[in-house]
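Subject: Structure handover

Hi,

Here is the structure I promised to pass on, with my notes on what turned up in it. Have a look at the model first, then read on.

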Amino acid sequence: MTRRAAVLVALAASFLPVPAPAADANVPVARVGGALAGESPAASLLRPATMRATFRVPPADTALYVGTPWFVRDITVTVVGPGARRRTLAAAAGLPGRMLGVRLPADAWQADRIELAAATVSAAAPPYLLTAEQLAQIAWRTWWYAAAFGALAALALVHGILAATRRSRACGYLAAALAAQAGLTIPWLGLVRPPPEISQPLHAALQSLVFVALTMLALGFAGRAHAARGIRLAAWSLVALNVAAVAGGDVLQDLWPLPDVLMQAALIALDLAFVAIAVAAARNGIAGARYFIAATALAALGIALGAVPANSALVQAAPLAATVLAAPLLALALFAQREHERQRKHEREIEREREHHRDELAREPEPARLPQPNPAHLDGLTGLANRPALDAALAAACENAAAAHAPLAALLVDVDHFHRYNEFYGHHAGDDVLRRIAAALSVTVSHQTGALAGRYGGKEFLALLPHTDLRTAKHVANAVLAAVDALEIAHGGAPLRRLTASIGVAAIAPSNQTAATTTTATAQDLLRRTNTAAYVAKAMGRARVVADEPVLAPPPEPEAARC
């Protein structure tokens with residue numbers, strides 16, 4: 001009986017679990033999602049060190065990983081226990097985001113301890129204990145960096161093309177800054193994992209390029225503001241300080257003596273210097289300065305938010321988000337400046353053409369002046385010549401043109417929708433409009449020697465331009481049209497909501513005048529052609545200039561054709 005009981009007890013004991021040896025209570029349990037605390041001397045890119053950590057992991061219903069950023073070259077994880085069991089695992093860059101790490105065995109929580117050895121260039125970036133869900137979140141966040149990289153790279157390409165095609169230094173500076181900023185986002189895309197010997201110097205070079213290119217862009221943009229020498233010296237001093245800080249922090253790492261707070265302060269000071277330069281440009285009336293102020297202020301705000309110690313992903317992404325949002329504003333600032341430069345260039349070309357025309361007129365002999373009307377021949381409303389005075393002046397102008405074999409041009413200015421204006425605003429307002437248009441017409445044609453302007457009808461004005469060909473007369477007519485537009489007379493009954501005019505232009509060339517042509521016929525023909533051109537201008541939609549172009553004579557037929 002005793003022997004049988006002993007056998008039963010032994011058999012039952014064989015089915016009972018064997019208790020695992022108790023783990024060392026002095027080994028700390030690592031926190032999931034936190035950094036692995038260990039011993040590591042000060043390390044740098046020039047003097048790497050080995051970090052060692054001993055820890056245990058808590059039980060988990062999911063896989064656990066040991067992962068690390070790119071400051072660590074390699075990791076070796078040794079799982080010790082239970083008992084005499086010992087397993088050594090080497091990390092590989094196969095985790096999401098090209099993270100260097102290793103997956104721990106499922107029974108790692110039963111181990112006595114886990115020993116970690118990592119060759120690192122900075123003790124400020126230790127390995128972490130992560131779960132599969134946390135790794136998935138890291139991989140999911142890469143879309144934001146991919147979007148930022150795409151936006152920055154696209155803007156850099158566009159401005160690079162503009163810099164090459166338009167030879168714009170400003171576009172070149174912006175393209176260089178955006179391309180460098182796009183390059184800084186590449187390590188976060190999870191596509192490559194360069195060793196620290198490559199990634200850290202490259203990061204310092206790209207960040208320095210951003211500082212230099214943006215400073216060149218800001219000072220070049222505000223070049224017309226004549227920034228004081230002290231401002232330029234201060235800006236370049238801050239650039240030198242930030243370049244030194246970035247280079248020292250990337251290469252010397254833990255051995256760099258400058259605290260992170262001072263490095264962030266230097267970066268914020270440089271961004272504030274850009275804001276000050278943009279404000280100076282705005283005060284000097286430089287086009288696009290408002291966009292430049294918004295861009296630099298947004299970048300400075302993003303850097304300031306990124307310097308706030310917080311674990312929030314939004315706060316950490318603030319500098320990059322501010323850069324992405326500021327890039328289009330800088331592009332708008334350059335676009336506004338280019339448009340302003342193009343408009344000024346066009347105005348200078350027009351002014352040079354006018355000066356050239358005035359020089360040509362100055363070299364020509366003084367033309368015979370038209371008889372000026374006496375007070376009895378003035379229009380009572382506008383003070384210009386009335387119709388009888390214009391008829392007499394036109395006849396005299398035709399005689400002078402035929403005798404001197406010189407051209408003669410005429411402009412007929414017809415106010416658009418004038419009857420409707422009287423219905424909307426009353427006849428007193430209509431009389432005031434006629435006086436203002438008459439004054440604008442008189443001032444504009446007064447630059448032409450011997451010109452005479454008058455009121456030819458109720459809402460029609462006629463200007464006679466002696467010694468003026470059709471090409472010059474069209475320029476004068478466009479100037480008159482611009483002068484009427486500059487009055488900015490509101491007209492609620494007109495399609496354009498402002499008062500406009502239709503102008504017809506015609507001219508008599510010396511070759512068209514023969515001895516058999518009478519002065520009366522010439523004057524009537526000139527008036528008819530001018531009136532027809534004004535009618536065509538109205539039919540084409542008003543608010544424009546139409547010239548009665550001469551009809552070219554057909555070429556002579558060959559002798560064989562006439563036979």
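A word on burial to begin with: a residue is called buried under 20% relative accessible area, exposed over 50%, and partly exposed in between, using a 1.4 Å probe and protein chains only. Please keep in mind that this is a predicted model, where local features need pLDDT of at least 70 and side-chain atom pairs count only at pLDDT 80 or more, while totals for chains, interfaces and linings use all residues. Residues are numbered from 1 along each chain as its sequence is written, and side-chain values use heavy atoms, with hydrogens and water left out.

**Salt bridges**

The structure holds 15 salt bridges, each being a side-chain nitrogen of Lys or Arg within 4 Å of a carboxyl oxygen of Asp or Glu. One of them joins Asp-107 and Arg-85, at 3.3 Å from N to O. Asp-107 sits in the loop between strands S6 (99–103) and S7 (113–120), and Arg-85 in the loop between S3 (72–80) and S4 (86–90), 22 residues apart. With 41% relative accessibility, Arg-85 is partly exposed. (Strands, E, at least two residues, and helices, H or I, at least four, are DSSP runs numbered from the N terminus.)

Another salt bridge pairs Lys-459 with Asp-414, whose closest N and O atoms are 2.6 Å apart. Lys-459 is in the loop between S10 and S11 while Asp-414 is in strand S9, so this pair ties together parts 45 residues apart in sequence. Both partners are buried: Lys-459 has 17% relative accessibility and Asp-414 has 7%.

Asp-548 and Arg-529 also form a salt bridge, again with closest N and O atoms 2.6 Å apart. Here the loop between S13 and helix H16 (559–562) is tied to helix H15, because Asp-548 lies in that loop and Arg-529 in the helix. Arg-529 is buried, at 13% relative accessibility.

**The five-stranded sheet**

Which order do the strands of the open sheet follow? It is S10-S11-S9-S12-S13, with mixed pairing; two strands pair if DSSP finds at least two bridges between them. S10 (452–455) and S13 (545–547) are the edge strands, each pairing on one side only. Strands S9 (408–415) and S11 (460–466) are antiparallel over seven bridges, and Val-413 has Phe-461 in S11 as its bridge partner.

Gly-454 belongs to strand S10 and is buried, at 0% relative accessibility. Leaving aside neighbours within four places in sequence, Gly-454 is in contact (heavy atoms within 4.5 Å) with Leu-384, Ala-385, Leu-390, Phe-461 and Leu-462.

**Nonpolar cores**

A nonpolar core here is a set of buried Ala, Val, Leu, Ile, Met, Phe, Trp, Tyr and Cys residues joined through side-chain atoms within 4.5 Å. The largest one has 40 residues, and Leu-152, Phe-221 and Phe-292 have the most contacts inside it. Helices that each supply at least two of its residues include H3 (142–166), H5 (196–221) and H10 (318–363). A second, separate core has 32 residues, among them Leu-411, Ala-453, Leu-470 and Leu-481.

As for Phe-221, its contacts beyond four places in sequence include Ala-281, Ile-286, Phe-292, Leu-334 and Gln-337.

Happy browsing, and best wishes
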